[in-house]
Amino acid sequence: MEKKIAKVVVDRELCIGAAPCVVVAPKVFQLDNENKAVVVDQHGADDDTILLAAQSCPVQAISLFDEEGNQIYP
Ligand code: SF4
């Protein structure tokens, strides 16, 4: 990916707590007590890993934005 990930957002309405994001990037995503993912550290993994985590989400609840605020994923 060419663009740098500046912002990681989890849509909690969409999140079903399936947790592959947590498995792929545990320093970025954690499940809270509602069993929904929260972003604990936007820079807890490199961009490729964060992208992989977003792609691993079965409901595409993870959105990624670059420094200009453009949506990179999905
Ligand atoms: S992979 Fe998607 S649905 Fe599963 S916990 Fe992460 S954000 Fe939620």
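## Helix α2 and its packing

The buried residues of α2 (47-56) pack against β1 (7-10), α1 (20-24), β2 (29-31), β4 and β5 (71-73). Helices (H or I, at least four residues) and strands (E, at least two) are DSSP runs, numbered from the N terminus. A residue is buried if 20 or more other C-beta atoms lie within 10 Å of its own, exposed if 12 or fewer, and partly exposed in between, with C-beta atoms placed from the backbone. The structure is a predicted model, in which local features need pLDDT of at least 70 and side-chain atom pairs count only at pLDDT 80 or more, while totals for chains, interfaces and linings use all residues. Residues are numbered from 1 along each chain as its sequence is written.

Within α2, the buried residues are I50, A53 and A54. Viewed down the axis of α2, they fall within an arc of 100°, so they line one face of the helix; the arc is that of the directions from the helix axis to the C-beta atoms. An α-helix has 3.6 residues a turn, so residues three or four places apart point the same way.

## The nonpolar core

The largest nonpolar core comprises 16 residues, and those with the most contacts inside it are C21, A25, V28, I50, A53 and I62. Such a core is a set of buried Ala, Val, Leu, Ile, Met, Phe, Trp, Tyr and Cys residues joined through C-beta atoms within 7 Å. At least two residues of this core come from each of α2 and β4 (62-65). The greatest contribution is that of α2, with three residues.

C21 touches F29, A37, A53, S56, C57 and I62, not counting residues up to four places away in sequence. Contact here requires that two C-beta atoms, placed from the backbone, lie within 7 Å.

## Surroundings of the ligand

The ligand is surrounded by 15 residues, of which the closest are C15, A18, C21, A37 and C57. A residue is near a molecule or strand if its C-beta atom, placed from the backbone, lies within 6 Å of it. By class, the shell holds 13 nonpolar, two polar and no charged residues. Ala, Val, Leu, Ile, Met, Phe, Trp, Tyr, Cys and Pro count as nonpolar, Asp, Glu, Lys and Arg as charged, and the others, Gly among them, as polar.

## Strand β4 and its partners

In β4, I62 and L64 form a covered face, whereas S63 and F65 form an uncovered one. β1 and β4 pair in the antiparallel sense over four bridges, and V8 stands opposite L64. β4 and β5 are also paired in the antiparallel sense, over two bridges, with L64 opposite Y73. Strands pair if DSSP finds at least two bridges between them. Five residues separate the strands in the hairpin of β4 and β5, where G69 takes a positive phi near 85°.

D11, in the loop between β1 and α1, is partly exposed, with 14 other C-beta atoms within 10 Å. Although D11 and I62 are 51 residues apart in sequence, their C-alpha atoms are 6.4 Å apart. Leaving aside neighbours within four places in sequence, D11 is in contact with A61 and S63.

## Backbone exceptions

Most residues other than glycine have a negative phi, and most peptide bonds are trans. N35, in the loop between β2 and β3 (37-39), has a positive phi near 60°; with 11 C-beta neighbours inside 10 Å, N35 is exposed. Q60, in the loop between α2 and β4, has a positive phi near 50° and is exposed, with 12 other C-beta atoms within 10 Å.

The peptide bond from Y73 to P74 is cis, with omega near -5°. P74 lies in the segment after β5.
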